[in-house]
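Hi,

Here is the structure I promised to pass on. Have a look at it first, and my notes follow below.

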Amino acid sequence: MDKPDWAAPLTEAYERSLGYLTGLPDRPVGNTMNWPDLREAFGGPLPDGPEDAREVVAKLATAAEPGLVNTPSGRFFGFVVGGAHPAALAADWLATTWDQNACLAALAPSASAVEEVAGQWLVRLFGLPAQTSVGFVTGGQMANFTALAAARHEMLRREGWDVEADGLAGAPRLRVLAGRQRHDSIDRALRFLGLGRNAITPVETDDQGRMRPDALAEALAEGGGPTIVCAQIGGVNTGAFDPVGEICAIAHQAGAWVHVDGAFGLWAAASPRLRHLTAGVEMADSWATDGHKWLNVPYDSGMVFCAHPEAHRAAMGIRAGYLIHGADGERDPLDYTPDFSRRARGFAVYAAIRTLGRTGIADLVERCCTLAGRFAGRLAAHDGVEVLNEVSLNQVLVRFLSPDGDHDGHTRAVVDRVQREGTCWMSGTVWQGRAAMRISVSNWSTDQDDVDRSVEAILRCARPDAGGR
């Protein structure tokens, strides 16, 4: 067997990684190079022959760093992106080193076992039913897809239809009820599943984006047939929670399946202070969440949970003569995810949970919410700044008012200036037809100083003399 030089490229990667991470507090949060220049930095002809591995790693890092949006920074507040906790990052390095294909217990026994253990820890952390099955996927999109595939299986099975064998042609029509302020990953999952966006009947929401139970009851009464209700906890703009307990009671009375999109909001169930927001969540049939949001494990990491393991396995599982399927008690991960070959995501999740523990996870979630409240309070205290949402979680919507009345244009200009200024990074959004800055506090390393520095930078960028629009 060849004995390659592992030490040189891995040493270069380690030194570059450590330099990057320790330098984060002093780095501009946004990228510092435009896309054409980045492509030029990576470009050149196809190499004719081999190059030294350590030199390749060094050149790669040098070319990439100016184009990195420094999302691990404690002052990155865009898109509900968490950082990477040190233990989770280290475990993810090991997962890459071990290079396990986490599809079968026979092929990756440790990966299979760690997913089972970490998955059940999460079930207990969120207060879900004990029999709940778990799949480790790329993120909220595939978690929603997988859960809705299980729902599609079960609701059509009850109608005497085997969708895995016979497809959708001629099947009873499934209808999906979801709030008007749902995340687009629900629509996208339904496209992937062959149900289509038009399967959705939008349900009216309140001024914070919460589904109205009375509107759901009316929508359920308007039509029969197999039905899936999609609730949301943690709206991507306001952070608002659908009243999931009421939704489950109403939907189950009508025989519907309830899926909960809790990409980041489900983590509130881990907090004694915030758990009331998720009251009744355990009554649902399936759930989706992200590990790369509030658990702060590296991308990519999502989890799907299903209260009906048989439906979960029926929708995802596969049997083939060339595979070695797990014996009784051995968990084959491919029975719970759309992937066949995939990386072993469970190691990083396990390390994060083990390092933080129940109290550490609760503290992480609660601290982010406290800091979001600090953002809202400090910004709202200034003339010309308006906070648009009830800050009940980690999301803050901010609008900047202009003397000339072009509040949308001014708000977009402030977002752009903040992103270019470099102290912090927030994304823009549109809420109820109005442009807004969306601040998402999700990083384990963010502290009060990060918030205060960011507020000062935002207010500088919002001044009339900060630059033209």
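Let me start with strand β2, which pairs with strand β4 (residues 227–232) in the parallel sense over four bridges; strands count as paired if DSSP finds at least two bridges between them. Helices (H or I, at least four residues) and strands (E, at least two) are DSSP runs, numbered from the N terminus. Before going on: this is a predicted model, where local features need pLDDT of at least 70 and side-chain atom pairs count only at pLDDT 80 or more, while totals for chains, interfaces and linings use all residues. Residues are numbered from 1 along each chain as its sequence is written, and side-chain values use heavy atoms, with hydrogens and water left out.

Back to β2. R175 sits opposite T227 of β4. β2 also pairs with strand β3 (residues 200–203), again parallel and over four bridges, and there L177 has T201 as its bridge partner. Together β2, helix α8 (residues 184–192) and β3 make a right-handed β-α-β unit (with the strands pointing away from the viewer, the path from the first strand over the helix to the second runs clockwise).

Five of the five residues of β2 (residues 175–179) are buried, so the strand is largely enclosed by the rest of the structure. Buried here means under 20% relative accessible area, with exposed over 50% and partly exposed in between (1.4 Å probe, protein chains only). R175, L177 and G179 point one way, V176 and A178 the other.

Then there is an open antiparallel sheet of four strands, in the order β8-β9-β11-β10. β8 (385–387) and β10 (427–431) are at the edges with a single partner strand each, so one side of each has no neighbour in the sheet. Strands β9 (residues 395–400) and β11 (residues 434–440) pair over four bridges, with L397 opposite R438. Helix α13 (residues 407–421) packs on this sheet and touches β9, β10 and β11 (contact means heavy atoms within 4.5 Å).

Last, the aromatics. Rings of Phe, Tyr and Trp (its six-membered ring) pair if their centres lie within 6.5 Å; planes under 30 degrees apart are stacked, over 60 edge-to-face and the rest tilted. That gives nine aromatic pairs. One of them is F126 with W267, edge-to-face at 4.9 Å centre to centre and 80 degrees between the planes. F126 is in helix α5 (residues 109–126) and W267 in the loop between β5 (257–261) and β6 (286–290), so the pair ties together parts 141 residues apart in sequence. Both are buried.

Cheers

Conventions
Axes fitted to C-alpha atoms, helices over the stretch in contact; angles between N-to-C directions.
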